[in-house]
Amino acid sequence: MNRPKTYDMNTIDTYDFKGKRAIIRVDFNTPLDENGKVTDETRIRAAIPTIKKVLAGGGSVILMTHLGRPKKNNDAKYSLVHIIPTIEKLLGQKIIFAGDCMGEKAAQLARNLKPGDVLLLENLRFYAEEEGKPRGLADDASDEEKSAAKKAVKESQKEFVKRLASYADVYINDAFGTAHRAHASTALIAAYFPNDKLFGYVMENELKAIDKVLEAPQRPFLAILGGSKVSTKITIIEKLMDRVDTLILGGGMTYTFMVAQDGKIGSSICEPDQFETARSILAKAKEKGIQVVLAEDTLAANAISEDADTKEVPSNDIPDGWSGVDIASKAKVTFRDTILKAKTIMWNGPVGIFEIDKFATGTKAVAEAVAEATSHGAYSLVGGGDSVAAVNKFGLADKVSYVSTGGGALLEYIEGAELPGVAAIRK
Ligand code: 3PG
């Protein structure tokens with residue numbers, strides 16, 4: 001992958017923000033609990049240096065983001081009102097909330113910004129124009145109706161983008177987590193700022209960290225891939241096979257690999273249509289001399305709950321009625337030994353259902369081993385919502401080299417895709 005080093009240009013370090021209004025696309029798509037309280041501040045915390053840089057340079061800031069996947073305007077559950085306290089706490093100042101991202105009020109608040117002010121626009125996805133996809137179509141809509149609705153939203157999207165752009169003098173994209181989406185605020189708005197479009201620090205740091213891992217890894221290079229399904233990880237596994245020396249495959253996909261090699265997995269998660277893929281991954285790894293490590297033993301449970309009964313069994317001999325929910329004692333040792341040998345580590349996806357404490361000890365052991373390897377000089381990149389949540393849960397986020405704010409964006413970048421949000425700045 002010989003992609004341009006996009007972060008070598010268009011950075012905010014050399015830009016003069018004095019008296020300028022900067023509209024920053026951030027990715028504050030953060031998890032909320034049932035009371036609407038932010039449960040993981042990682043993405044908000046990550047964007048603070050970019051915001052502070054603009055303010056310190058004498059500018060004002062307009063923040064825009066999506067939250068969740070609302071399907072209608074003003075869906076209170078997805079209002080950014082929920083994240084205001086967290087932004088204010090991490091930024092150390094009060095912010096102004098527009099209550100909408102369109103409308104005269106938002107425009108007026110943007111016009112009246114003074115140096116040092118921060119204005120937060122309401123959830124961009126309250127408008128179909130952000131994603132440029134029609135909403136509210138009847139299930140039985142005809143092809144003509146669908147295509148007319150698509151055309152209409154694309155048309156009104158132009159006004160939407162123009163309006164957002166009119167609020168500011170300079171555009172900064174700092175939303176790495178959303179860079180794989182070709183949306184109004186990530187890919188289209190940049191065209192209105194041909195000489196004033198920049199990457200924020202999150203973007204710059206993410207691209208540098210991932211390129212460091214992909215392009216000049218210290219060896220051995222280990223990738224740890226977890227998660228439940230082979231089907232969602234197959235492209236990244238294939239891409240990484242051109243780069244890594246060792247591959248730890250964990251999580252639910254372990255059991256597809258076990259059955260593909262004639263194992264017995266009880267009621268564990270399994271994708272029969274991926275057996276062939278699993279076999280070909282193992283064959284290709286052998287051909288390339290890549291060591292593939294699968295958990296030799298499994299913590300099996302008779303239910304997916306905190307009060308389930310559990311027992312340790314071989315991963316390829318799980319009794320009927322029991323499911324694999326985590327790695328077990330022997331695999332913890334093997335995984336740790338493998339991790340400690342690595343000089344570069346990329347980790348995406350937990351190795352068990354770590355949200356349930358009883359099934360979290362395997363993922364914790366992996367997180368601890370990654371932290372330990374890092375303390376001995378390895379470079380470690382942890383990415384993907386669940387693995388980041390895991391390192392946060394175990395208090396190890398500051399013990400790894402880099403925690404990515406990207407989930408899908410990280411995977412697509414590693415797979416070699418040109419991310420629309422990155423391309424729009426570079427163009
Ligand atoms: C993410 O959480 O991966 C980003 O915020 C993008 O969200 P999306 O998958 O809803 O587009």
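**Charges.** I counted 56 positive and 58 negative side chains in the protein, with the centres of the two sets 5 Å apart. For that count Lys and Arg are positive, Asp and Glu negative, while His and the chain ends are left out. I placed each charge at NZ of Lys, CZ of Arg, CG of Asp or CD of Glu.

**Ground rules.** This is a predicted model, so I noted that local features need pLDDT of at least 70 and side-chain atom pairs count only at pLDDT 80 or more, whereas totals for chains, interfaces and linings use all residues. Numbering runs from 1 along each chain as its sequence is written, and side-chain values use heavy atoms, with hydrogens and water left out.

**Salt bridges.** Side chains of opposite charge can pair when their charged atoms come close. How many salt bridges does the structure hold? I get 21, taking a salt bridge as a side-chain nitrogen of Lys or Arg within 4 Å of a carboxyl oxygen of Asp or Glu.

I looked up Glu104 and Arg163 and found their side chains meeting in a salt bridge, 3.8 Å from N to O. Glu104 sits in helix 3 (residues 103-111) and Arg163 in helix 5 (residues 143-166), so this pair ties together parts 59 residues apart in sequence. Helices here are DSSP runs of H or I, at least four residues, and strands are runs of E, at least two, numbered from the N terminus. Glu104 is partly exposed at 46% relative accessible area, and Arg163 is also partly exposed, at 30%. My cut-offs: buried is under 20% relative accessible area, exposed is over 50%, partly exposed is in between (1.4 Å probe, protein chains only).

Next I checked Asp245, which forms a salt bridge with Arg219, closest N and O atoms 2.9 Å apart. Asp245 is in the loop between helix 8 (230-240) and strand 8 (246-249), and Arg219 is in the loop between helix 7 (201-215) and strand 7 (221-225), so the pair ties together parts 26 residues apart in sequence. Asp245 is partly exposed at 25%, and so is Arg219 at 44%.

Arg279 is partly exposed at 35%, whereas Glu276 is exposed at 53%.

I also noted a network of salt bridges linking Glu41, Arg45 and Lys89.

**Overall fold.** I count 15 helices and 17 strands in the protein. Its radius of gyration is 23 Å, close to the 22 Å that the globule rule gives for 427 residues, so the protein is as compact as a globular protein of that length. The radius is taken over C-alpha atoms, and the rule is 2.2 Å times the number of residues to the power 0.38. Of the 427 residues, 56% count as buried.

I looked at contacts (heavy atoms within 4.5 Å). Among those between residues at least 6 apart in sequence, 75% join residues at least 24 apart.

Is Val213 buried or exposed? Val213 is buried, with a relative accessible area of 1%, and lies in helix 7. Leaving out residues up to four places away in sequence, I find Val213 touching Phe221, Thr344, Met346, Tyr379 and Leu381. Val213 and Leu381 are 168 residues apart in sequence but 7.7 Å apart in space, C-alpha to C-alpha.
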